[in-house]
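Biologist: I'd like to walk through a protein model with you, one question at a time. Please put it up on the screen.

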Amino acid sequence: MTSKIPTILIFSRLIIGFIIISLSLIKVEFYQTIAVILLSLGLLTDIFDGIIARHLNISTQKLRRLDSAVDQIFFISVGVSAYIQCPEFFKTNAYKIIILAGAEALIYLVSFLRFRKEVATHSIGAKIWTLLLFGTLIQVILQCQSVILFNLCFWIGLLTRAEIIAILLLLKTWTNDVPSVYHAIMLRKGKAIKRSKIFNG
């Protein structure tokens with residue numbers, strides 16, 4: 001049963017994302033508070049599913065690919081719910097959001113063209129960006145606006161998307177959990193890389 005915990009955490013994040021959208025659609029009372037709590041729970045499941053899987057030595061490619069796919073659905077769900085609540089923020093920042101979404105789509109396109117698989121690099125830069133995205137979404141949910149944090153999220157998002165594309169282009173074969181471009185270069189040279197049980201499998 002213990003070996004199922006990472007999978008349960010991954011799918012619980014999927015359910016949390018759908019709950020957040022549903023609550024925004026029905027305009028439940030105290031939506032903001034509930035959404036922030038659920039978003040925080042979702043982030044915690046994202047952090048601990050990988051840590052627990054690595055601790056149990058069950059961090060397989062299949063599990064890491066599932067984790068990446070659910071991450072995308074989860075944050076899209078939260079983004080959609082934020083749009084339902086605060087459409088003006090998205091209209092004001094439409095071009096940046098479109099550029100960022102396009103950059104995200106591009107890494108998936110590059111990965112599928114090169115390896116016929118989705119992205120699961122789980123780079124350190126991407127983890128940092130996820131925390132910025134988390135903070136930005138909370139600010140938008142609570143205030144229906146975000147300037148400094150959103151712009152930081154935008155530029156760091158573009159930089160980390162560019163790094164992921166570079167990692168994908170450097171790798172000779174599809175590999176999950178590549179911490180950085182430097183590690184991708186080492187793998188390309190046929191050298192083993194050191195991974196952290198906390199941050200990368």
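Biologist: Let's start with Pro179: is it buried or exposed?
Modeller: Heads-up first: this is a predicted model, in which local features need pLDDT of at least 70, side-chain atom pairs count only at pLDDT 80 or more, and totals for chains, interfaces and linings use all residues. Residues are numbered from 1 along each chain as its sequence is written, and side-chain values use heavy atoms, with hydrogens and water left out. Buried means under 20% relative accessible area, exposed over 50%, and partly exposed in between (1.4 Å probe, protein chains only). Pro179 has a relative accessible area of 3%, so the label is buried.

Biologist: Where is the place of Pro179?
Modeller: Helices here are DSSP runs (H or I, at least four residues; strands are E, at least two), numbered from the N terminus. Helix α7 spans 148–170, and α8 spans 181–188. Pro179 belongs to the loop between α7 and α8.

Biologist: Asn176 is in that loop too. Which side chain does the side chain of Asn176 make a polar contact with?
Modeller: At 11% relative accessibility, Asn176 counts as buried. A polar contact is a pair of N or O atoms within 3.5 Å; within protein, one must be able to donate a hydrogen and the other to accept it, and residues adjacent in sequence count only if both atoms are side-chain atoms. At 2.6 Å, the partner is the side chain of Asp177.

Biologist: And which side chain does Asp49 make a polar contact with?
Modeller: Asp49 lies in helix α2, which runs over 31–55. The relative accessibility of Asp49 is 3%, so this residue counts as buried. With a distance of 3.1 Å, the partner side chain is that of Arg13.

Biologist: Now the largest pocket: which residues lie nearest its centre?
Modeller: On a 1 Å grid over the protein atoms alone, a cavity is a set of points where a 1.4 Å probe fits but cannot get out, and a pocket is an open set with protein on both sides within 12 Å along at least five of seven lines; lining residues have an atom within 4 Å of a point. Grid points are joined across faces, edges and corners, and the volume is the space filled by probe spheres set on the points, which comes to about 1200 Å³ for the largest pocket. Its lining has 47 residues, and those nearest the centre are Gln72, Phe75, Trp129, Thr130 and Leu133.

Biologist: Which helix gives the largest share of that lining?
Modeller: The elements giving two or more residues to the lining are α2, α3 (61–85), α4 (87–92), α5 (94–115), α6 (124–143) and α7. The largest share is 11 residues, and it comes from α6.

Biologist: How many of the lining residues are nonpolar?
Modeller: Ala, Val, Leu, Ile, Met, Phe, Trp, Tyr, Cys and Pro count as nonpolar, Asp, Glu, Lys and Arg as charged, and the others, Gly among them, as polar. The lining has nine polar and nine charged residues, and the nonpolar count is 29.

Biologist: How many aromatic pairs does the structure hold?
Modeller: Rings of Phe, Tyr and Trp (its six-membered ring) pair if their centres lie within 6.5 Å; planes under 30 degrees apart count as stacked, over 60 as edge-to-face and the rest as tilted. By that rule, the number of pairs is five.

Biologist: What kind of pair do Phe74 and Phe75 make?
Modeller: Phe74 counts as buried at 1% relative accessibility, and so does Phe75 at 14%. Their ring centres are 5.1 Å apart and the planes sit at 75°, so the pair is edge-to-face.

Biologist: Phe154 and Trp155 also form an aromatic pair. What is the relative accessible area of Trp155?
Modeller: This pair is edge-to-face, at 4.9 Å centre to centre and 75° between the planes. Phe154 counts as buried at 4% relative accessibility. Trp155, though, is exposed, with a value of 52%.

Biologist: Which residue lies over the face of Trp129?
Modeller: A charge sits over a ring if NZ of Lys or CZ of Arg is within 6 Å of the ring centre and within 35 degrees of the ring normal. Lys96 does this over Phe154, at 5.5 Å from the ring centre. Over Trp129, at 4.2 Å from the ring centre, lies Arg161.
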